[in-house]
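Visitor: I have the model open. Can you walk me through it?

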Amino acid sequence: MNSRQALLAMVDLDDCFTLPQSELVPLQLEAARELFAERREQLPILDRRAREMEVDRIDALDDLIPLLFSHTAFKSYPNAFVQNGQWDRMTKWLGTMTTRPMDGVDLDNVTDIDDWVSRLWAAGHLVNTTSGTSGKVSFLNRSPVDDALLQRYLQRLCWPEPIKPERKHHIFFMGPRTGPYLLLIAANHVARLYGRPESLHYLSDEPLRLSDITRMAETRLKMAEGRASPSEIAALEDSGRAKSAEMAGRFADMIGKIIALRHEPMIITGGWAQMWEVMKAAREAGVPNGDFHPDTVIQSGGGLKGAKLPADYREQLFEFFGPVRTQQGYGMSEMSAGFPMDKDGYYHQVPWIIPFVLDREGVKPAGPRHGVVEGRYAYLDLSNDARWNGLITGDRVTMDFREARPETRLPGLVVHPQISRYADIGEEDKIGCAGTIDAYINGEIGA
Amino acid sequence: MTDLIDRSLAALAVPHIIKGRLVVGDESRYGAFATPALDIDALVWPRSEPGPAFSTPTNDIISLLVATGERMRADPSGVMRVACETMAATGDLDRGVVERAYQQLSHLFTSEWLEFLVEGELGADVLDGWRKITDPGGRNAQYRAFPPRLVHVLAGNAPGVAAISIIRGALTKGVNLLKLPSNDLFTATAILQTMAEVAPDHPVVRSFSAVYWKGGDEAVEKYLLRPTFFDKLVAWGGEGSLRSAKKYIRPGFELVAFDPKTSISMIGREAFADPDTLAQVADAAAADSCIYDQSACTSSRFQYIEATMEEAEAYCALLQTALRLERQTASTAGARMPPALREDIDSLRSLDPFYKVWGASDGTGVVILSEDPVDFHPEAKTVNVVVVKCLEDALRFASVATQTVGIFPASRKAGLRDHLASAGAQRIVTLGSALGGGVGIPHDGFFPLHRLVRWITDES
């Protein structure tokens, strides 16, 4: 077993997320060296970066920093390919970002971006996507090997006291049933591993459609070129509204079912604001605090996305749900797995992900790799079979390299609970007269 | 922790000017620099009394500005040199670009230019007194350009922004609060200091303050940006400055915006007449693109060319070479290329033959040839050459965000300019002439002096 395989095999260990750096770092360093050597042969974009940054040897983990990409790398294709329906060119682009050969993809009569993604999946490219407010979608290729690792990781649900995958939970997922988002892909694995096959509930049986997102980009382009009519802009906003009205109805039905089944184990996955709605409705229905089955799992995370909740919303929610299980983590769609949260609220390192804390510009380490360091989060994920996955994020984190600390009961490298966003690099009160059409159309289509 | 490390380093001291007087201090810390504590009461001129220069004759003001210009060039106290040095050492622009820009900073501070500016945009008669008219109904009226109360949100991508803002503020005789940008914390202050050295108690000197606060800081903006104190907000730049400003616009407090803009070039088939012509066109196009290492609104970013992909290749190679040359406002090294832009460009390198790329992604000059415009914002000397069948096909890429359109050959301008204007563009130039201009003629679609003053009538 080589170092990389050794790190990936740790997914099956009970102390997977609390291992000491003295054990992990030598393996990570060795694995990173091997992976870099292999990937730069496969990916010209990585080789170019290595040559330009003059990185030839990896002697320490920090030597990897120049090889990390910005989070926009996976949407670096020209939007014109999508707008013009040039799927062969999109496939060629994806081919430059992945280790996997793209020649098996059937590109005959592709109708739209969703169709293209389904053709990729049919050829074993299990891409997941993310979308920014700009309407441009990132495409992150995954292989069946990557997907298998995700499934093994999900068997540790509710770490540090994992529940067993016994198919005894009702599944409530506050989103669409399918779609190429990592969240949905993972939710489907969770449903298959833990769910009662006859009791799987989703807000919508319609798959999440990327065309809805790219249409936004298309309208932006038309607006930029002055070709969008006022009613087209209005229609775009209206379609969003009609959809949310329909969703509100289905959400109310789902809340009713959750209340009815509260004495049986369930896995409820959704945003905090949605959990808050469940609590409100249940209280109105006279449900007392702590009335849920103790094997119920509340799975949530992410920000509040503009929802106005009291500062102590989590405390209030867990007072209401009572002594249930919870699964929370710090992660992003680009990472193979999130850092799971312990009972003290700290996020624990996944062995195959090397975390970095950089300065605010995202160039140099914010400090040495010991003690407590605050800065911009970056990582190299050693697991990915289909791509080079080293990214610099916009998150401001506090990373704790200490092996043990008074605030937490469990050892190992952790990210502290307070996580915020950096403003985009260079936008801090530096005023210039140059700008783009974005400033003229923003706000009009909810971007 | 980061904050602790930051505090242990010495902060760069940024002085303020309050009503013509220099104020130093480091009570307010902003990352790498520090300013005196801000006393917001000291930043307003009460409406109960006229501003110091409301009645100063235009000729006096022009004399003061001319003397200021002379002193900026001689710089006996070294104020300008220190400002230039600090901007070169700490700013985003290349040292050579900053130094050459500072050498040019005083060029408008001459009586010829200042009189041309006043006459072209207003006329000194309405600045100094009342212009009389009789309307067809026989009614007599007189009107004048009354001095305004202005807050200027300055842009910092070129030091000339501070100079022209001070000139406009002085010539309109009003009171002027300049909000400094974090990318040029010294130029405006140095010019005002020089002016104060020329005539310490001159009413125009007492009509200017220049201070820094963090853009969007409610503790300052919510209380200052009010019609009871100021008439207009003169804002340069992109969303950064407009986002917070927009909140405060209301009746009696008006926005004068030098909007964020993109500039483009349109190159006709005539460029391919012979190799010499092609080389000259490439040089002119590079000059338009490299303005302030492509950080300005006038810097061209997209060039639409009447050619096929194959035909355009020779042009792109010449253009890339021309982008590397040092120019008045351009350096060889270029600006730091943002990492995301570098990755976008590097990704296109793998997409030959649909995209062709010349030059390294290091700020020294990149040319991208394509059939469709790229969807990122080209900067740090990055030009996207887009092939079109005819220049008319490129008209759809002009929009309300388009400022300057450089056209080759000049004979094609007349056929294109009305269409470009209709699409939203504001300024048509012969390719290679994008730098300069805008003084005594419209800028961003209006006469600035005309917009800054308040038009007051006296009717009978």
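Guide: What follows is a short tour of a predicted model, taken topic by topic.

Visitor: Start with chain B. What domains does the assignment give it?

Guide: Chain B is assigned two of them: domain 1 covers 2-259 + 444-459, and domain 2 covers 262-430. Their C-alpha centres are 33 Å apart.

Visitor: How many residues does each domain of chain B put into the contact?

Guide: Domain 1 of chain B gives 11 residues and domain 2 of chain B gives 13 residues. On the domain 1 side, the touching residues are four nonpolar, three polar and four charged.

Visitor: Now helix α5 of chain B. Which of its residues are buried?

Guide: Helix α5(B) spans residues 111-121, and its buried residues are L114(B), L117(B), V118(B) and E121(B).

Visitor: Why do you say the buried residues line one face of the helix?

Guide: Looking down the axis of α5(B), the buried residues fall within an arc of 90°, so they line one face. The face turned away from that buried side carries the exposed residues E112(B) and E119(B).

Visitor: And what covers the buried residues of α5(B)?

Guide: The cover includes four helices of chain B: α2 (58-74), α6 (124-128), α7 (160-171) and α15 (448-452).

Visitor: What comes after α5(B)?

Guide: G123(B) follows α5(B), and its phi is positive, near 100°.

Visitor: Why is R167(A) classed as exposed?

Guide: R167(A) has 12 other C-beta atoms within 10 Å, and the cut-off for exposed is 12 or fewer. D444(B) counts as partly exposed because it has 18 C-beta neighbours inside 10 Å.

Visitor: Switching to the chain contact. How many residues of chain B are in contact with chain A?

Guide: On the chain B side there are 46 residues, in contact with 38 residues of chain A. The elements of chain B that give two or more residues to this side are α10 (239-246) and α13 (339-349). The largest share, six residues, comes from α13(B).

Visitor: How do the residues on that side of chain B divide into nonpolar, polar and charged?

Guide: They divide into 20 nonpolar, 17 polar and nine charged.

Visitor: Last one, F173(A). Is it buried or exposed?

Guide: F173(A) counts as buried, with 24 C-beta neighbours inside 10 Å. F173(A) lies in strand β4 of chain A.

Visitor: What does F173(A) touch, leaving out residues up to four places away in sequence?

Guide: With those left out, F173(A) touches A187(A), H201(A), Y202(A) and T269(A).

Visitor: And how far is F173(A) from E374(A)?

Guide: They are 201 residues apart in sequence and 34 Å apart in space, C-alpha to C-alpha.

Key:
Residues are numbered from 1 along each chain as its sequence is written. Chains are lettered from A and ligands numbered from 1 in the order in which they are written. This is a predicted model: local features need pLDDT of at least 70, side-chain atom pairs count only at pLDDT 80 or more; totals for chains, interfaces and linings use all residues. Domain bounds come from an automatic or database domain assignment. Two residues are in contact if their C-beta atoms, placed from the backbone, lie within 7 Å. Ala, Val, Leu, Ile, Met, Phe, Trp, Tyr, Cys and Pro count as nonpolar, Asp, Glu, Lys and Arg as charged, and the others, Gly among them, as polar. A residue is buried if 20 or more other C-beta atoms lie within 10 Å of its own, exposed if 12 or fewer, and partly exposed in between; C-beta atoms are placed from the backbone. The arc is that of the directions from the helix axis to the C-beta atoms.
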